[in-house]
Amino acid sequence: MARGKSQFATWRCSGCNKPHGVTAYNKKSNEKITKELSMFCNQCRKHTDHKRKDTKKGSGN
Ligand SMILES: [Zn+2]
């Protein structure tokens, strides 16, 4: 159990399917964080929906 540890997530653009920033969030408040987030994509040059994908710390990309 990784209590109190941060969970890392990658946000993938639904437009160009490119992964964007990796963010850390507290798993405890996981449910408060939506699985989709509207963020500005430099590739699409507009706001697009980004889907969250949980990732492990330090796993490249
Ligand atoms: Zn995009």
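Accessible areas here come from the Shrake-Rupley method with a 1.4 Å probe, and for residues only the protein chains shown count as cover. On that basis the chain exposes about 5,000 Å². Carbon and sulfur atoms supply 47% of that area.

This is a predicted model, in which local features need pLDDT of at least 70, side-chain atom pairs count only at pLDDT 80 or more, and totals for chains, interfaces and linings use all residues. Residues are numbered from 1 along each chain as its sequence is written, and side-chain values use heavy atoms, with hydrogens and water left out.

**Confidence and overall make-up**

The predictor's confidence in each residue is given as pLDDT, from 0 to 100. The chain averages a pLDDT of 78. Of the residues, 70% score at least 70. Among the elements of the chain, S4 has the highest mean pLDDT, 88. Strand S2 (residues 19-26) has the lowest, 78.

Helices (H or I, at least four residues) and strands (E, at least two) are DSSP runs, numbered from the N terminus. The chain has 0 helices and 4 strands. Its pattern along the sequence is β-β-β-β.

Buried means under 20% relative accessible area, exposed over 50%, and partly exposed in between (1.4 Å probe, protein chains only). Buried residues make up 18% of the 61 residues in the chain. Contact means heavy atoms within 4.5 Å. Of the contacts with a separation of 6 or more, 42% come from residues 24 or more positions apart.

**Strand S4 and its partners**

Two strands pair if DSSP finds at least two bridges between them. Strand S4 covers residues 46-55. It pairs with strand S1 (residues 6-13) in the antiparallel sense, over 6 bridges. Strand S3 (residues 36-41) also runs antiparallel to S4, and 6 bridges join these two. Individual bridges can be picked out. Phe-8 has Thr-55 as its bridge partner in S4. Glu-36 has Lys-51 as its bridge partner in S4.

Thr-48 lies in S4. What does Thr-48 touch, leaving aside its neighbours within four places in sequence? The contacts are Cys-13, Leu-37, Ser-38, Met-39 and Cys-41. Thr-48 counts as buried because its relative accessible area is 9%.

**The zinc site**

Donors are N, O and S atoms within 2.8 Å of the metal (3.2 Å for Na, K and Ca); water is not among the atoms, so sites may look incomplete. The zinc ion is coordinated by the SG atoms of Cys-13, Cys-16, Cys-41 and Cys-44, at 2.2 to 2.4 Å. The donor residues follow the spacing C-x2-C-x24-C-x2-C in sequence.

Four donors count as tetrahedral if all angles lie between 85 and 135 degrees; four count as square planar and six as octahedral if opposite donors are over 155 degrees apart and all others between 65 and 115; anything else is irregular. The angles among the 4 donor atoms here are 102 to 115°, and the site is tetrahedral.

Cys-44 is found in the loop between S3 and S4. Its contacts, apart from neighbours within four places in sequence, are Cys-13, Gly-15 and Cys-16. Cys-44 and Cys-16 are 28 residues apart along the chain, yet their C-alpha atoms are separated by 6.8 Å.

| Residue | Relative accessible area | Class |
|---|---|---|
| Cys-41 | 0% | buried |
| Thr-48 | 9% | buried |
| Cys-44 | 25% | partly exposed |
| Arg-45 | 67% | exposed |

**Two loop residues with positive phi**

Most residues other than glycine have a negative phi. Asn-17 has a positive phi of about 65° although it is not a glycine. Its place is in the loop between S1 and S2. Arg-45 is not a glycine either, and its phi is positive at about 60°. Arg-45 lies in the loop between S3 and S4. The hairpin of these two strands has 4 residues between them.
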